[in-house]
Amino acid sequence: MPPWVDFEPFIVSGLALGGVYALSGVGLVVLYRATGVLYLAFGAVGALGALIAWQLTTRAGAPGWAGWLACIAVAGVVTLGYGLLFGPALARRDPLIKAVATIGLTLILYGVMDLLWTTSGGQARSLTLPTDNYTFTIGQIQVTWTQVIALGAGVVLTVGTAAFLHYTKIGTAMRAMANDRDITATLGVPVRKVEAAAWLGCGVLSGIAGLLLADLVALDATTLTFLVISSLAAVLVARLRSIPVTFAAAIVVGLVHDLLTPIVALSNYRDMTPFVIAAIGLLVLSRHQVIATSREEA
Amino acid sequence: MRATLERAAQPRTRRAITRPQLIKGTVTAAIILFTLFGLPEFMSLYYVDTMTQVAVYSMVALALGVLVGRVGLVSLGQVAVLAVGAWVAARLLFATTQPYLLVVLEAGLVTMLAGTLIGLPALRLRGLYLALITLMLAGGITVVLATVNFPNGGHGFLGYNGSQVHIPPIRRPSIAASDPAYFRYSVIIAIVMFALVLAHIKTKPGRAWAAIRQSEPAALAAGINTWFYKLWAFALASFITGVAGGVLAGAIHYLYSINFPAQDSITLLAVTLMGGVFSLWGAVVAALLYQFLPALLNNWGVSADWLIILFGVGVLQVLTTAPAGLADQVPKDLARLGRFLRRRLTRGSAP
Amino acid sequence: MIEVDGLTVRFGGVTSLDAMSLTFEQGTCGLIGPNGAGKTTFFNVLSGFIRPAAGTVRAFGTDLLAMAHFRRARWGLRRTFQTEQAIEELSVFDNVAMVHEHSGLNRGHRRRDVLDAIEFAGLDADPEAKVRTLGAGQRRLVEVARAVVGRPRLVLLDEPAAGLPDEESRRLAEVIRRIPEHTGALAILVDHDMSLVSACCATTAVLDFGKLIASGPTAAVLRDDAVIRAYLGVDQ
């Protein structure tokens with residue numbers, strides 16, 4: 001076992017990563033509860049946004065903030081567009097079908113990204129946020145403001161979303177719709193509008209997550225598309241329901257993953273962290289299964 | 001009504017083969033014969049290799065079709081299962097001198113065992129969660145394989161020697177060493193796998209799967225142990241995919257973890273949906289989309305990314321409109337066209 | 001007979017069944033009540049899809065709840081569902097035979113038992129015909145055949161006549177009434193059609209908001225004030 005001091009930098013990076021996973025996880029859970037769709041394209045949309053930001057800032061000479069705005073806007077619009085186009089058509093179907101449909105979107109985005117920003121030439125791209133350059137130290141550990149923002153965003157969004165769901169009209173409507181869309185509609189709730197809000201919100205979050213992950217991890221279409229799996233792990237442990245548990249699980253996924261880095265024997269396997277955590281979470285879940293006879297949510 | 005029942009109550013005599021069945025059988029036999037003996041004659045080696053891949057992946061699509069189409073289980077990690085089968089086959093081929101066919105069978109059985117063990121707890125989960133757990137497991141396997149690597153003739157349990165300079169190719173069966181011969185070998189194994197699935201569909205498990213697909217509560221109420229039959233489907237699918245892995249090992253001679261990227265499982269699911277999960281021909285269509293079209297485009301210098309986009313669109317189209325996929329839709333369209341033409345022709349000849 | 005004792009089911013804050021205690025003696029028994037009263041929940045408990053929070057069910061002396069759900073068919077529990085469940089891609093024969101083969105019944109008698117069940121249900125169709133070629137009424141009869149094939153002990157019928165025209169409803173009523181004498185099973189019929197319930201069931205129980213509010217001879221129950229109030233929601 002390496003000495004404690006070797007772990008210290010990874011605590012910070014793990015927390016930062018966990019923060020972004022939490023932000024993504026919360027977005028996924030809220031969308032799922034409002035629409036029944038597990039948005040597997042979350043990572044791909046964020047990746048697209050990040051690549052567009054990169055293109056604008058490094059190739060078209062646009063200022064940094066314009067790139068970030070474009071990223072978030074594109075992510076939001078694509079997600080909202082998908083929700084408006086395919087949401088109604090699949091509204092009555094099983095959550096599994098709805099999730100598989102988002103895989104269709106993932107493939108489209110993935111193909112587009114590889115076409116426009118291919119990596120086969122061997123060129124590696126990177127996206128750096130200005131906050132990377134501002135650091136401070138806690139004890140022996142150097143912390144960048146990007147990492148602070150990542151963790152902070154995760155915390156703020158978790159708390160904010162929980163508050164939003166409980167104290168605002170739209171939030172309460174989303175909670176009602178998670179229970180039963182049709183009954184909620186008959187209560188006079190503008191179901192379509194609420195859904196659109198959920199889609200847009202989730203899209204915006206995917207753009208933010210895309211930017212942060214592109215900075216913290218890598219600006220690579222494949223990597224960013226499949227990083228959604230880490231958030232999925234957190235979301236699954238939370239049974240697609242609890243926001244606080246999503247947050248906690250996401251932090252754990254991020255921390256464990258990075259903390260395994262200095263442990264030589266396990267370091268190569270650290271990418272398995274989300275899988276192992278999710279598998280354990282799901283198998284614990286499977287002990288309490290009840291056969292659904294009506295269209296109950298997963 | 002009495003008469004109907006009395007007639008049916010007669011001991012079940014061998015029913016005469018109906019005309020549509022005869023036509024279907026003849027066409028199938030013709031296609032098989034042509035594939036085995038005609039195709040390799042006028043295809044370049046590049047395409048012979050491609051069609052061998054089509055044979056391999058038609059088995060994987062077949063397995064996926066059993067899961068998705070017959071039982072409604074979505075696997076998001078079938079390519080990882082293929083990798084396991086290929087790994088086992090490669091290890092055995094290097095370490096032993098067993099005949100190739102036996103190795104392929106063993107690869108299938110080991111994969112089936114692994115699939116069954118995973119299925120035991122996993123199959124108690126509902127649709128979406130089950131799909132996600134296959135994604136998670138596949139991801140785990142991918143990471144392990146990237147670290148452990150594929151056997152390359154080295155010693156030890158893993159059979160991998162990292163510092164080896166000259167890597168021996170994975171051997172082929174002595175009767176099928178050349179590329180066209182190996183192509184035929186793969187096709188025959190694929191046909192056996194298809195026959196195995198057909199045998200399942202027409203008998204008790206197939207009927208149980210139909211009941212589960214329709215409604216799990218109703219199946220349970222009919223006394224069907226749904227978990228057991230799902231496990232059976234899982235085991236069958238794992239076996240077939242493992243066999244495919246064994247065939248793949250000999251086809252490409254050298255295995256690397258980049259041959260089995262995570263996104264391939266997603267793409268494979270997409271083409272299987274597009275090809276049609278209810279019909280066996282759908283698996284062949286899926287494999288053609290998955291291997292033949294990219295090879296074609298590659299030859300013409302067009303990026304395969306366009307296909308990825310197409311597959312994404314295909315998934316959305318299939319799920320929102322034609323759940324049975326192309327293999328179901330095209331024959332229906334052809335039949336309609338046939339009827340239209342016939343009417344046209346008879347009208348023309350009327351006095 | 002079926003003895004239900006203190007059966008309670010809770011679903012996220014809602015009590016679907018509230019300490020239901022009732023005995024079904026024999027023959028065909030009706031179970032009625034307004035929508036959401038808990039009738040289908042009760043069936044789901046019997047089928048094993050829902051675990052009750054409390055209570056027991058003893059069927060002909062056996063503790064039904066202790067059995068795994070798919071084993072109950074082997075024991076002799078049969079059920080039809082509100083939405084039709086006959087498997088479209090299989091033939092009528094295969095649909096009914098499936099129940100037979102998964103209930104551990106004698107293979108040698110299968111053909112005879114299946115055809116017998118089809119005939120009893122009054123289904124006038126080629127047993128080899130695929131169910132997808134049949135009309136709604138005939139599909140219901142396939143369900144009934146599946147419910148009576150072999151040696152059923154307890155047959156649960158959940159709104160079997162829903163959506164059927166009068167003539168077919170009446171014929172179905174005849175079939176349902178004869179289930180106990182033909183198979184020796186006890187049948188429980190859930191339905192909203194009072195004429196169907198009157199025609200088939202000697203005794204009837206009434207649920208409202210998960211509670212049992214009346215039970216006894218059908219005619220008397222249907223005239224009971226409490227029952228009328230529950231259906232009309234009238235406060236008297």
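Colleague: Which domains does the domain assignment of chain C give?

Modeller: This is a predicted model, in which local features need pLDDT of at least 70 and side-chain atom pairs count only at pLDDT 80 or more, while totals for chains, interfaces and linings use all residues. Residues are numbered from 1 along each chain as its sequence is written, and chains are lettered from A and ligands numbered from 1 in the order in which they are written. The bounds come from an automatic or database domain assignment, and for chain C they give domain 1 (2-76 + 152-232) and domain 2 (86-149).

Colleague: Which element gives the most to the side of domain 1 of chain C that touches domain 2 of chain C?

Modeller: The centres of the two domains of chain C, taken over C-alpha atoms, are 24 Å apart. In contact (C-beta atoms, placed from the backbone, within 7 Å) are 15 residues of domain 1 of chain C and 13 residues of domain 2 of chain C. On the domain 1 side, α2 (71-75), β7 and α6 of chain C each supply at least two residues; helices (H or I, at least four residues) and strands (E, at least two) are DSSP runs numbered from the N terminus. With seven residues, the element that gives the most is α6(C).

Colleague: Which strands stand at the edges of the open sheet of chain C?

Modeller: The sheet has six strands in the order β6-β7-β8-β3-β9-β10 (chain C), with mixed pairing, where two strands pair if DSSP finds at least two bridges between them. From one strand to the next, the twist averages 15 degrees. Two strands have a single partner each, so one side of each lacks a neighbour in the sheet: β6 (77-79) and β10 (211-217) of chain C.

Colleague: Which residue of β9(C) is the bridge partner of C:L31?

Modeller: Strand β3 (residues 28-32) and strand β9 (residues 203-208) of chain C run parallel and are joined by four bridges. The partner of C:L31 in β9(C) is C:A205.

Colleague: Is α7(B) roughly parallel or roughly antiparallel to α10(B)?

Modeller: Two packed helices are described by the angle between their axes and the distance between the axes. Helix α7 (residues 179-201) and helix α10 (residues 226-252) of chain B pack at about 180 degrees, with axes 11 Å apart; axes are lines fitted to C-alpha atoms, for helices over the stretch in contact, and angles run from 0 to 180 degrees between N-to-C directions. Angles under 35 degrees count as roughly parallel, over 145 as roughly antiparallel, 65 to 115 as roughly perpendicular and the rest as oblique. The angle therefore makes α7(B), relative to α10(B), roughly antiparallel.

Colleague: Is B:G115 buried or exposed?

Modeller: B:G115 is found in helix α5 (residues 100-122) of chain B, and its contacts beyond four places in sequence include B:V81 and B:F234. A residue is buried if 20 or more other C-beta atoms, placed from the backbone, lie within 10 Å of its own, exposed if 12 or fewer, and partly exposed in between. With 25 such atoms within 10 Å, B:G115 is buried.

Colleague: Which element gives the most to the side of chain B that touches chain A?

Modeller: Between these chains, 39 residues of chain B are in contact with 43 residues of chain A. Elements giving two or more residues on the chain B side are α6 (127-148), α9 (216-221), α11 (262-275) and α13 (305-320) of chain B. With 13 residues, the element that gives the most is α6(B).

Terms used
Contact = placed C-beta atoms within 7 Å.
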